[in-house]
Amino acid sequence: MSDEITRAEICCVAVAECFRGDGEILANPIGTIPMIGGRLARATWEPDLMMTDGEASLIANSLAVVPEADRDYETWNPYRRMFDVVWGGRRHVMMGATQVDRYGNQNIAGIGGTPDRPRTQLLGFRGAPGNTINNTTSYWVPGQSAKVFVESVDIVTGIGWDRAAELGPTASRFFEVRRVVSNLAVFDFETPDHRMRLRSTHPGVTVDDVVAATGFELVIDADVPTSRLPTPAELRLLDEVIDPSGTRYGEVPDPV
């Protein structure tokens, strides 16, 4: 990796690539790196993306986190209207995942114990069931390990490809778990049985590093490419327009 380009910037570009080809839909990235990556996609190859302010409006700003007084409002987007978008499938949400398995089943509700009495209580189901059944979904994992990439999630909050197939075409007509981006690599489900595939490793990360941080068997092609570097124009956007305060470095520090 060059001295000028950090792991955080690699991750921002990898997240932005998740939205390539989406066109005029609602992009709903949740979290620091996802929000930066979503804004980067809209500022470059996906100008028709609609972006939320994280609350109740759609805004045109490129800055990742926009103070309320500085927001360039495009339209009001109250909670009830968001359900119209969710049910219609015109949305790509990027969520976090405390656990994720080989088919993209996600857990953000609880660890250990039983579903009604987990050993560790997390966020809960939130909107994950409706998100995954009705909208394109990707995941961001800032700290990949075998405790996150697990053989079987403790609680299914967002459904994966195997469960979507079991539900049938009516329930899964808008279903697509597209990518998982971590601090180590990018993964997709572009395999015959939709098992997770190692799509690329970030610069400085080996396939063995990724395997050691994964609790199940990945689909690994004979030649695994390296995640692409940001272009000079993308770096300028990150530094000067989208994340001038450098919040990305707090979530993904460069490896020592």
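The legends below describe close-up views of a predicted model.

**Figure 1**
Five secondary-structure elements, namely β1 (26–29), α2 (32–43), α3 (79–88), β5 (91–96) and α4 (128–134), each contribute at least two residues to the lining of the largest pocket, and the largest share, five residues, comes from α3. Sorted by class, the lining of the largest pocket comprises 20 nonpolar, 13 polar and six charged residues.

Most residues other than glycine have a negative phi. Arg126 sits in the loop that runs between β9 (120–121) and α4, and with a relative accessibility of 66% it counts as exposed. The phi of His194 is likewise positive, near 60 degrees, and His194 belongs to the loop between β12 (185–188) and β13. With a relative accessibility of 28%, His194 counts as partly exposed.

**Figure 2. The second largest pocket and its lining.**
The volume of the second largest pocket is about 180 Å³. Its lining consists of Ile10, Val13, Ala14, Glu17, Arg179, Val186, Arg199, Ser200, Pro225, Thr226, Ser227 and Arg228. By class, the residues that line the second largest pocket divide into five nonpolar, three polar and four charged.

Leaving aside residues up to four places away in sequence, Trp45 touches Ala16, Glu17, Phe19, Arg20, Arg228 and Glu234. Two of these contacts, Glu17 and Arg228, also belong to the lining of the second largest pocket, while Glu234 is a buried residue of helix α7. The C-alpha atoms of Trp45 and Gly21, which are 24 residues apart along the chain, are separated by 8.3 Å.

Within helix α7 (residues 232–242), the residues Glu234, Leu235, Leu237, Leu238 and Ile242 are buried. These five lie on the same side of α7 because they cover an arc of only 160 degrees around the axis. An α-helix has 3.6 residues a turn, so residues three or four places apart point the same way. Pro232 and Glu240, by contrast, are exposed on the other side of α7. The partners against which the buried residues of α7 pack are α1, α2 and α8 (247–251).

Ile242 has its place in helix α7 and counts as buried, at 1% relative accessibility. When residues up to four places away in sequence are not counted, Ile242 touches Ile36, Arg39, Leu40, Ala43, Ser62, Leu63, Ala64 and Leu237. Leu237 is itself one of the buried residues of α7. Ile242 and Thr120 are 122 residues apart in sequence, and their C-alpha atoms lie 35 Å apart in space.

A disulfide is a covalent bond between the sulfur atoms of two cysteines. A search of the whole structure finds zero disulfides. For Cys11, which is in no disulfide, the nearest cysteine sulfur is that of Cys12, at 7.1 Å, whereas a disulfide would require a pair of sulfur atoms within 2.5 Å. Cys11 is buried, its relative accessible area being 0%. Cys18 is also in no disulfide, and the nearest cysteine sulfur, that of Cys11, is 11 Å away. Cys18 is buried as well, with a relative accessible area of 0%.

Technical notes:
Residues numbered from 1 in each chain as written. Predicted model: local features only at pLDDT ≥ 70, side-chain atom pairs only at ≥ 80, totals over all residues. Heavy atoms only, no water. Helix = DSSP H or I, 4+ residues; strand = E, 2+ residues; numbered from the N terminus. Nonpolar A, V, L, I, M, F, W, Y, C, P; charged D, E, K, R; others polar. 1 Å grid on protein atoms, 1.4 Å probe; cavity = no way out; pocket = protein on both sides within 12 Å on 5 of 7 lines; lining within 4 Å. Points joined across faces, edges and corners; volume = space filled by probe spheres on them. Buried < 20%, exposed > 50% of the residue type's maximum accessible area, 1.4 Å probe, protein only. Arc of directions from axis to C-beta. Contact = heavy atoms within 4.5 Å.
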